[in-house]
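Dear colleague,

Please find the structure below, with its sequence.

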Amino acid sequence: MNWRETFRTALEAILSRRMRSSLTMLGILIGIAAVMLTVGLGQGAQAQVRAQINQLGSNLLIVSPGSTTSSSGIRGGRGSASTLTTRDATALASRVVAPDIAKVAPVVTGSQSLAAGTTNWTTNVVGTTPDWLQVRARSLAEGRFFSLAELNSSAPVAVLGSTTATELFGGRDALGQTVDINGTTMTVIGILNTAGSSTTTDEDDQALVPQTTYSSRVASSGNAAGVSTLYIEAASTDSLSAAYQEATNALLATHGVTAATPDFTISSQQSLLTTATSTDRTLTVLLAGIAAISLLVGGIGVMNIMLVSVTERIREIGLRKAMGATPSAIRRQFLVEASTLGLCGGLLGVILGLVGAQVLPHFLSQPVTIPAIATIGALGIALIIGIVAGVYPASRAARLAPIDALRSE
Amino acid sequence: MHILGCLDVPTTGSYDLAGEDVSTMSEAALANVRNRQIGFVFQQFNLLPSLPAWRNVELPLCYTGMARAERKERAINALERVGLGDRIEHRPGELSGGQQQRVAVARALVTDPALILADEPTGNLDSHSSADVLALFTELHDQGRTIVLITHERDVAESAQRIVRILDGQVDSALAMPAGTVR
């Protein structure tokens, strides 16, 4: 009996017991669909984080005051909120000190109430330098960013995020309008393109002013040169670690502290990615474990049904043997039957998984990305489960003595 | 009977079939011998209920590696020989007992075996169908085929050339009629 013949016989056997076969396949189907969706969710979440980080600039380093001393999150350098200054930014931007750093944008932020006419809106006001636009990889929808001259002259100008502009001016064109920030009237000279919201902040809801304007007109407290964060853009993604070293050394030198007691922390988007990924991975492994168990149960279902099938068809087996079927032909017949059950279940599971990947994001607001390799892998797993589940029943059928099989009622 | 059919091997002694000692053969080799040399007819017919008559007859050929078209042709020929040429697509459930047994005879014939073993082939049939099947056997025998038939009924046995009476597992008498063939 050749393979095609065997496959046809297996298909006939499956089709002649439709209800039972479909219930058996259901077990595999659910398992495969669960595995695919878990993988898809994990991949989707990772892709989302990666996209967010790419959006923010992948060769970005963030210097914040204070230092994390351990993974438990205890911070050293108490009261060091003002340890970073615009002078640090100037030092780091120097080609001599740090050749791998392309641009540095010092940032000082605070929550302020903005007013345009009678409309109020509280948002994050950011004081920074013209390099911010490039470092944060943003662009303008309209107007322009403030210039170096405006930075040096503490000009009362502001660039608004798209959300902020909409909140303050509604549908009207915000460009050229004025907005009151902490009592200072500023002219809106530009609107940012949308960037979407990251995990922590809404990148579209902020107002940017020159750093000097911020310290002289917006901020309530003293230190004119103090900044809260330095954004560093490395010359390229490859030179990120070099830039990290240079920034660390330069800041240690200018602050006069040793590497053992730093008063600042430098983090990269890469480290954020690692954190996000490892959290996702834990969840994915957990869910995948549950999915794998459901697959295992599906496989046991196949084995169970095959055992029942062997017992039920004992006379048929005896007859086939009397007609000249060798033990290996019988074994092959049952193995093919079991693997066909597995494969059909897997195929339906893949279809359900792919449909789920289309439907699920509407309910979860979480993207589901199923890689092609997962689809092929799922089918392979289903086939292997079928074969493994079929081995024992098939060899039992093959070992049956023809007379015993024929005699049984 | 099971030993004659190579379904079982003798514990002691030996059994030569068509010049070959089959008592020492492996399972797979025995399966081959059954496939090529022996045709079985059972009391219970043992047809597969889900397959049409011709697929049942084709069954032994499936294990010979023969091409599909040739198998079907030979199966239909065999069915025609037993007078069921118009029943090839009928399933066993749609046939009478006598017809089912004739399908089984066709299945035994289809590989053109040296020996046909019939284990109480008329045990489940009414006298009319029994006569049909016996007539078929007689016809096959006249064409030069060896048939071993087991029966409890004297009048069925009477149609044979040679009768071996077995009583409580012992050969009681062997009434030889002209030409004894197998053993």
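In chain A, helix 11 and helix 12 cross in a right-handed manner (a crossing is left-handed if the near helix is turned anticlockwise from the far one by less than a right angle, and right-handed if clockwise). Helices (H or I, at least four residues) and strands (E, at least two) are DSSP runs, numbered from the N terminus. This is a predicted model, in which local features need pLDDT of at least 70, side-chain atom pairs count only at pLDDT 80 or more, and totals for chains, interfaces and linings use all residues. Residues are numbered from 1 along each chain as its sequence is written, chains are lettered from A and ligands numbered from 1 in the order in which they are written, and side-chain values use heavy atoms, with hydrogens and water left out.

Helices of chain A

The axes of helix 11 (residues 327–364) and helix 12 (residues 372–399) of chain A come within 7 Å, crossing at roughly 150°. Helix 11 of chain A is therefore roughly antiparallel to helix 12 of chain A. Axes are lines fitted to C-alpha atoms, for helices over the stretch in contact, and angles run from 0 to 180 degrees between N-to-C directions. Angles under 35 degrees count as roughly parallel, over 145 as roughly antiparallel, 65 to 115 as roughly perpendicular and the rest as oblique.

For helix 3 (residues 86–93) and helix 8 (residues 240–255) of chain A, the axes come within 10 Å and cross at roughly 135°. These two helices of chain A, helix 3 and helix 8, are therefore oblique to each other. Their contact (heavy atoms within 4.5 Å) involves A:D88, A:A91 and A:L92 of helix 3 of chain A, together with A:A247, A:A250, A:L251, A:T254 and A:H255 of helix 8 of chain A.

Domains of chain A

Chain A is divided into domain 1 (3–52 + 274–407) and domain 2 (81–262); the bounds come from an automatic or database domain assignment. The centres of domain 1 and domain 2 of chain A, taken over C-alpha atoms, are separated by 56 Å.

The sheet of chain B

In chain B, three strands form an open sheet in the order 3-4-5, with parallel pairing; two strands pair if DSSP finds at least two bridges between them. Strand 3 (38–41) and strand 5 (146–150) of chain B each have a single partner strand, so one side of each is left without a neighbour in the sheet. Neighbouring strands of this sheet are turned against each other by 15° on average, direction ignored. Strand 3 of chain B is joined by four bridges to strand 4 (residues 115–119) of chain B, and B:V41 stands opposite B:A118 in strand 4 of chain B.

Two helices of chain B pack on the sheet. Helix 1 (residues 27–37) of chain B touches strand 3 and strand 4 of chain B, and its direction makes about 80° with that of strand 3 of chain B. Helix 5 (residues 127–142) of chain B touches strand 3, strand 4 and strand 5 of chain B, and its direction makes about 150° with that of strand 5 of chain B.

Helix 5 of chain B also meets helix 4 (residues 97–109) of chain B, their axes coming within 9 Å and crossing at roughly 20°. Helix 4 and helix 5 of chain B are therefore roughly parallel to each other.

With kind regards
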